[in-house]
Structure formats: C-alpha cells, structure tokens
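Please read it alongside the sequence and the coordinates.

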Amino acid sequence: MHSDTNTTSADNRYDAVALLSGGLDSILAVKVIQDQGLRVKCLHFVSPFFGKPHKRRHWEAIYGIDIENVDISEDYVRLLTERPVYGFGKVLNPCVDCKIIMMRKASEMMHRYGARFIISGEVLGQRPMSQRQDTLNVIRRDADVREVLLRPLCAKHLDPTEVELSGLVDRERLLGIKGRGRSEQLALAKHYGFAEVPTPGGGCKLAEKENARRYWPVLKFSPKPSVRDFKLSNIGRQYWAEDKWMIVGRNQMDNTALLKVCGDDDLIFRLRGFPGPIAVGRQFEGKAWAQEEIADAAAFTASFSPKSVQSGQDVTVRVSCAADLRKQGDSGSEQGPVANEMLFTVTPCRQTPIGWCESEWPVVREEIRADMRDKRA
Ligand code: SF4
C-alpha cells in the first residue's frame, strides 16, 4: 500500500479521517462533520477496480475538502486471490471484505494523522449486501473500529459513538437517513451548493458484469494474480485459451496503455506494413510460449487489421519481448529493428487452432458460484 503524500507532522493534525469514494454520500458525510468545525482528512482508495486519483484536485476545489489518494491494490488483489470471507455480491464485488480492508487502513491512517475517529458515508438499508444493520456491525467488529467509526448520515439510528459521548461531535447535528431513497441526499447537496452532484456510488468495476468477465480468468488462470494482471485486464479486448492470454488494443490509447503496463517477459505483436493493433501475449512468470503458439497468436493479431485481411495475402507480424522493446525505447510504432525480434509470416485468421475466446458473463457467473460453493464446503 502506498499513498501520494506524507503528512504526519504535529501541525497537520485532523479530528477525523473519512472514507471518500467520490460518490455523493461519502462527500456529504464529510460536509456534515466539517459543519461542526472539525478537520477531516479524506482518504480516496485506489486499485485497478475503483478510484479516480486524477480527480483529487478537482474534488478538493469544488467540495472544499482535503483528500489523500491511498493505493490499496496489493491488499485488494490478495483479497480476491484468497477469496473474500463474506463472499461476493451480485457480480464479483466482495463488498463486506472490501469495507473491512478500507476501514482497517483508515484506522491505521487515523493514528498517523492524530485523528480520533473515522467517518463513512454508509446509509442504513441502502445497499442489499454491505449496508444492513448486521453487516454494518460485522464490518465494525472485523475491522476493529467499533469505538471510532461514525456514520454521520445515519448516526441517529445507531448507538452513540465515543466521540459523540465525549462531546467532540454534536449528535444532535448528525442525521437519520435510512433506506434506498435519494431525496434527502439531493436536498443536502443543494443545501451545500454543490456545483456538481456526483452519482450515488463511487463506481466500482467489480460490480459490473462487463468487467467481472475480464477479471475472472485472471483469478482462474494466473499462477499468482498480480496488480499488473488486473491493470492489463482493464485494457482492450481480452482473449483466453485456457491459461494463454492475449490482449488486443482497440485504439491508439489501448496500444499505448498496453505497452506501458505489460510485463518485461510479455510478447508484443505488431504488424509490418499494415495498420493494426498492438497485441500482448502474457507470458506468466516468464513461462515461454511454444513457437506454434506464437505463430497462432500472430495470425490472430493480424485478423484485427482490416487492411491486412482485405489484402488477401500473407502478412508479416513482428514479435518481440517487451523488455527488448523497452530497452530500445520503442513506442510501438513501425520504426527500427528490435533485438531478438521474431518475424512470422501468417494468414490473418480469427478462428485459429488455439481457439482464442472472450469470457461470457453467464459462464463466468456460474464459475464464480461454483467456486464460492467449493470454498464454503
Ligand atoms: S462496490 Fe466495490 S468498492 Fe464498493 S464496497 Fe463493493 S467492492 Fe468495495
């Protein structure tokens, strides 16, 4: 885990730290506490699955809050790899375990900031899985934040916390919002004069089927799922053939991102003489692909270049190790020979013998369910 600032000096103390997803509720919870003249440091958690670290300055300016981005990618990948204790929600979202990880981290940072309590924007009964009364209690207990966690938006429905009893926080000025409605939150956003009203949640890719089907094969086939694996699974089109993984760029932005994120051992496929995508063949832990597999992937890559397909001819695909490409400072363009580069002359083909496939959500959903049953058994 790392954060983007080091702010622990005695003159930079806060009364509270807050979990800030960037969703409306998390921002309102901070405003309610700031209204009492208390200083709040907002923690915006970032991983390949959620977080908008680039928005930090913007949010600070428009909402008048103070934010630190906190990268929890490593912890999060460990959670998914080992599987969540409290299971997944409707998709691949381990909400209860996720909240516990975030609360634990917030508790650690609370001490660093000399703060006395943690704020979160949860509202009782708003989300089916993570915001039921019994689940809220589990989160408090397992994260060991029972004494310090304050939920300003629904505090009136909960027992008073130590900071309320001590008088640091005025319980009378906390709220009693409950349920799925949004009207009270929208009225509050108006009251605070927000120039932008954010969407209810912070946006989490694990709760979206389209993204879950990208992540599941990583959990299934990567020998040791890594942050890099999940960053790669966020890019381009994803194809798998058992444990062989190909990622094909859809546009220039994908191509650039692929070259930046892939590992040194990964194979980079580029067409010679035709415009086309960059593709990455992920060589897990340096496990080299056989020549026939590379040739197959080269023909598959070429099939994404309409001009090469229309030419009706065999085409040449350049294949290099990412490390060699990086040594040369190659940006992925056509120029310059690359050390140890392999050239494959292939017929563009989408249905190759290896049988590259995209994961389908209904299949993935069944596999996730079966996996959870196995873990429980
Ligand atoms: S939706 Fe995503 S970020 Fe939010 S609690 Fe669930 S897993 Fe965590």
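**Ligand shell, voids and helix packing**

By class, the shell around the ligand comprises six nonpolar residues, one polar residue and no charged residues. In this classification Ala, Val, Leu, Ile, Met, Phe, Trp, Tyr, Cys and Pro are nonpolar, Asp, Glu, Lys and Arg are charged, and the others, Gly among them, are polar. The model is predicted: local features need pLDDT of at least 70 and side-chain atom pairs count only at pLDDT 80 or more, whereas totals for chains, interfaces and linings use all residues. Residues are numbered from 1 along each chain as its sequence is written, and side-chain values use heavy atoms, with hydrogens and water left out.

- The residues surrounding the ligand are F50, Y76, N93, P94, C95, C98 and C204, where a residue is near a molecule if one of its heavy atoms lies within 4 Å of it.

**Cavity**

- The structure holds one cavity of 30 Å³ or more; on a 1 Å grid over the protein atoms alone, a cavity is a set of points where a 1.4 Å probe fits but cannot get out.
- The volume of the largest cavity is about 60 Å³, a volume being the space filled by probe spheres set on the grid points, which are joined across faces, edges and corners.
- R140, L149, L150, R151, A155, L158, D159, T161, E164 and R171 line the largest cavity, lining residues being those with an atom within 4 Å of a point.
- This lining divides into four nonpolar, one polar and five charged residues.

**Second largest pocket**

- The second largest pocket has a volume of about 450 Å³; a pocket is an open set of points with protein on both sides within 12 Å along at least five of seven lines.
- Its lining consists of 21 residues, of which S47, P48, K205, K231 and N234 lie nearest the centre.
- Helix α10 (residues 252-261) supplies the largest share of this lining, three residues; helices are DSSP runs (H or I, at least four residues) numbered from the N terminus.
- The lining of the second largest pocket has nine nonpolar, seven polar and five charged residues.

**Helix packing**

- Helix α4 (residues 95-112) packs against helix α5 (residues 133-142) at an angle of about 40 degrees, with axes 9 Å apart; axes are lines fitted to C-alpha atoms over the stretch in contact, and angles run from 0 to 180 degrees between N-to-C directions.
- That angle makes α4 oblique to α5, because angles under 35 degrees count as roughly parallel, over 145 as roughly antiparallel, 65 to 115 as roughly perpendicular and the rest as oblique.
- The crossing of α4 and α5 is right-handed, meaning that the near helix is turned clockwise from the far one by less than a right angle.

How values were computed:
Helix = DSSP H or I, 4+ residues; strand = E, 2+ residues; numbered from the N terminus.
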